[in-house]
Amino acid sequence: MALTVNGEERDAPNPRRNLLSYLRYDLGLTGTKYGCGEGLCGACTVLVDGQPLKSCMSTVGAVAGGSIMTIEGVSNDGALHAVQQAFVDESAMQCGYCIPGFIMAAIGLLERDARPSRDTVRQALSGNVCRCGTYLRIERAVMRAAREPP
Ligand code: FES
Ligand code: FES
């Protein structure tokens, strides 16, 4: 079988392969992070047809036919996505480990709701954990991205 990842068709010979492992180790897309491996931290979040999905909890076969986007696929010809730029502008990163997952969850939210309330942002990001505790800056970054769409 084949999967579409960041707009490219990629071979996926084993439908039972864990999706996060496939992305990181088979395709080399290491921007998607391994945190807990149990669906609890959100570090592994990718978009499948625009919807956030914790890739550690999925298999390749479960997303067959879907269009997968990872953090490597969100910039446009080298220009940062509006959400990425907002994270930079709000200095939302400390160690940065959690950030790809937060950005993917935020992009998924803004595709559903271009002008979310602060509560909606909190709710949408509630499945993502930041051990450095930059939650308020992350929230501000998502609110900023919503004010300044691409
Ligand atoms: S690594 Fe997937 S939710 Fe933590
Ligand atoms: S910035 Fe370090 S875990 Fe979030």
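**A short tour, from a salt-bridge network to the cores**

Hi everyone, let me start with D89: at 37% relative accessibility, this residue counts as partly exposed, because that class runs between the 20% and 50% cut-offs. Please keep in mind that we are looking at a predicted model.

So which residue does D89 form a salt bridge with? The partner is R144, and the closest N and O atoms are 3.6 Å apart. That pair links distant parts of the chain, with D89 in helix α2 and R144 in helix α5, 55 residues apart. R144 also meets the side chain of E90 in a salt bridge, at 2.9 Å from N to O. Here R144 sits in helix α5 and E90 in the loop between α2 and α3, so this pair ties together parts that are 54 residues apart in sequence. E90 is buried, because its relative accessible area is 15%, under the 20% cut-off. Through shared partners, salt bridges join D89, E90, R140 and R144 into one network.

The structure holds six salt bridges. One of them is formed by D26 with R17, where the closest N and O atoms are 3.0 Å apart. Both ends are partly exposed: D26 has 44% relative accessibility, and R17 has 26%.

Now for the nonpolar side of things. As background, nonpolar side chains tend to be buried together in soluble globular proteins. In our model, the largest nonpolar core has 26 residues, and those touching the most other members are V83, F87, F102, I103, L125, I138 and V142. At least two residues of this core come from each of α2, α3 and α5. Which helix gives the largest share? That is α3, with nine residues. Another core lies apart from this one; it has 13 residues, including V5, L19, L27 and V63.

L80, V88 and M93 make a nonpolar patch of about 240 Å². M93 is found in the loop between α2 and α3, and with 36% relative accessibility this methionine counts as partly exposed.

Let's move to the strands, with β3, residues 45–48, as our guide. From β3, T45 and L47 point one way, V46 and V48 point the other way, and all are buried. β3 pairs with β4, residues 51–54, in the antiparallel sense over four bridges, and T45 stands opposite K54. These two strands form a hairpin with two residues between them, and D49 in the turn has a positive phi of about 50 degrees. β3 also runs antiparallel to β5, residues 67–69, joined by two bridges. Here V48 has I68 as its bridge partner.

Last stop: is helix α1, residues 19–26, enclosed or open? Six of its eight residues are buried, so α1 is largely enclosed by the rest of the structure. The buried ones are L19, L20, S21, Y22, L23 and R24. They pack against β1, β2, β3, β4 and β5.

That's my tour, and I'm happy to take questions.

Methods:
Residues numbered from 1 in each chain as written. Chains lettered and ligands numbered in written order. Predicted model: local features only at pLDDT ≥ 70, side-chain atom pairs only at ≥ 80, totals over all residues. Heavy atoms only, no water. Patch = residues over 30% accessible without salt bridge, like charges linked within 9 Å, V, L, I, M, F, W, Y side chains within 5 Å. Areas by Shrake-Rupley, 256 points an atom, 1.4 Å probe, with all protein chains shown as cover. Salt bridge = Lys/Arg side-chain N within 4 Å of Asp/Glu carboxyl O. Buried < 20%, exposed > 50% of the residue type's maximum accessible area, 1.4 Å probe, protein only. Core = buried A, V, L, I, M, F, W, Y, C linked by side-chain atoms within 4.5 Å. Pairing = 2+ DSSP bridges. Contact = heavy atoms within 4.5 Å.
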